[in-house]
Amino acid sequence: MATAIAKADNRVRTEYAARIGHVSKSFAGPAGTQLVLDDITLDVAPGEFVTLLGASGCGKSTLLNLVAGLDRPTAGSIETPGGRPALMFQEHALFPWLSAGKNIELALRLRGVPKPRRRPEAERLLELVRLGGAYGKRVHELSGGMRQRVAMARALAQDSQLLLMDEPFAALDAITRDVLHDELTRIWRETNVSVLFVTHNVREAVRLAQRVVLLSSRPGRIAREWTVDIDQPRRIEDSAVAELSVEITEELRGEIRRHGQH
Ligand SMILES: Nc1ncnc2c1ncn2[C@@H]1O[C@H](COP(=O)(O)OP(=O)(O)O)[C@@H](O)[C@H]1O
Ligand SMILES: [Mg+2]
């Protein structure tokens, strides 16, 4: 725990972890150009946990990919002064022919960590996600929840100031998801990483975030945002979480009705 905090302090401190300035994104399709994101402006502060919430198809993954640098905005600018963000998806995207530990070591190698330090660091990260002892396990030997823990450890291996998560727990059962919410909250507090977390699940957004940003659909615009002033660790069934979720769900329903989807 102490090492994680010391590492966080060694990072370059910047004014913001991500700055999204007037970003728009269009895709050319058979029916002409489709405007997917329209004039999105959003900062993520160092150490902040923001969830980006919206109906499916509203452009959440598109925005996250832009922040990750996987695609370029049609207009506007994206800055991530702490370097390349780490990414985690719904699918674990681990290499099945490598063990859990070797998957993490690969990320360490790409980061330039010298060989003798890789194994101890991979083991430390596995401990951090509570998978101590899983170093030699192959991907097929792990449950869905364990695979996402390894994927989280691999993302943390990049030692990035910003962690981008695209519905990372959406494929998990409710109980496993609940446990991983606790783990993510703990890891976020221990490492002081900034998190931009995408979800269509209102309760999940409120359970995790300091700030919930609601995206409208077609095109995706920032509809509203809420500061979540509820002590961590929270539980998904806490009454304060439920109350705010009801309010946000109302707003989300309004967005979906306005755009005639679903
Ligand atoms: N590479 C692409 N080319 C064309 N259209 C795309 C591309 N990526 C996403 N889209 C379109 O952008 C819209 C938003 O998609 P996406 O960002 O995946 O939504 P979300 O993650 O919120 O479900 C969808 O209508 C999708 O079809
Ligand atoms: Mg998506």
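1. Which residues of helix 2 are buried? They are Lys-60, Thr-62, Leu-63, Leu-64, Leu-66, Val-67 and Ala-68. Buried here stands for under 20% relative accessible area, exposed for over 50%, and partly exposed for the range in between, with a 1.4 Å probe and protein chains only. Helix 2 covers residues 60-68, and seven of its nine residues are buried, so that the helix is mostly covered. Just after helix 2, Gly-69 has a positive phi of about 80°. Helices (H or I, at least four residues) and strands (E, at least two) are DSSP runs, numbered from the N terminus.

2. This is a predicted model, in which local features need pLDDT of at least 70 and side-chain atom pairs count only at pLDDT 80 or more, while totals for chains, interfaces and linings use all residues. Residues are numbered from 1 along each chain as its sequence is written, chains are lettered from A and ligands numbered from 1 in the order in which they are written, and side-chain values use heavy atoms, with hydrogens and water left out.

3. On confidence, the chain has an average pLDDT of 92, and 94% of the residues score at least 70. pLDDT is the predictor's confidence in each residue, on a scale from 0 to 100. Over residues 1-8 the pLDDT stays under 50. For residues 1-8 the model has 13 contacts beyond four places in sequence, a contact being heavy atoms within 4.5 Å.

4. The shell around ligand 1 consists of Phe-27, Gln-34, Val-36, Ala-55, Ser-56, Gly-57, Cys-58, Gly-59, Lys-60, Ser-61 and Thr-62. A residue is counted as near a molecule or strand if one of its heavy atoms lies within 4 Å of it. Strand 2 and helix 2 each supply at least two residues of this shell. Helix 2 gives the largest share, three residues. Two residues in the shell, Lys-60 and Thr-62, are also listed among the buried residues of helix 2.

5. Which backbone atoms come up in the polar contacts of ligand 1? An oxygen atom of the ligand is 2.7 Å from a polar backbone atom of Gly-57, and an oxygen atom of the ligand is 3.0 Å from a polar backbone atom of Gly-59. From the side chain of Gln-34, an N or O atom is 3.2 Å from an oxygen atom of ligand 1. A polar contact is a pair of N or O atoms within 3.5 Å; within protein, one must be able to donate a hydrogen and the other to accept it, and residues adjacent in sequence count only if both atoms are side-chain atoms. The protein covers 60% of the 560 Å² of accessible area that ligand 1 has on its own, with areas from the Shrake-Rupley method with a 1.4 Å probe; for residues, only the protein chains shown count as cover.

6. The count of salt bridges comes to 20. A salt bridge is a side-chain nitrogen of Lys or Arg within 4 Å of a carboxyl oxygen of Asp or Glu. One of them pairs Asp-43 with Arg-19, with 2.7 Å between the closest N and O atoms. This pair links distant parts of the chain, 24 residues apart: Asp-43 is in strand 2 (residues 32-44) and Arg-19 in strand 1 (residues 18-29). Both residues are partly exposed, Asp-43 with a relative accessible area of 30% and Arg-19 with 28%.

7. Helix 8 (residues 239-258) holds Glu-250 and Arg-253, three residues apart, about one turn of the helix. Their side chains meet in a salt bridge at 3.4 Å, N to O. Glu-250 is partly exposed at 47% relative accessibility, and Arg-253 is partly exposed at 46%.

8. Glu-255 and Arg-258 also form a salt bridge, with the closest N and O atoms 2.8 Å apart. The two are three residues apart in helix 8, so about one helical turn separates them. Glu-255 is buried at 7% relative accessibility, whereas Arg-258 is exposed at 57%. Elsewhere, salt bridges that share partners join Arg-130, Arg-149, Glu-183, Arg-186 and Glu-190 into one network.

9. Apart from neighbours within four places in sequence, Thr-185 is in contact with Arg-207, Leu-208 and Gln-232.

10. In helix 3 (residues 100-110), the buried residues are Ala-100, Gly-101, Asn-103, Ile-104, Glu-105, Ala-107 and Leu-108. Their cover includes helix 4 (115-128) and helix 5 (144-157). Just after helix 3, Gly-112 takes a positive phi of about 90°.
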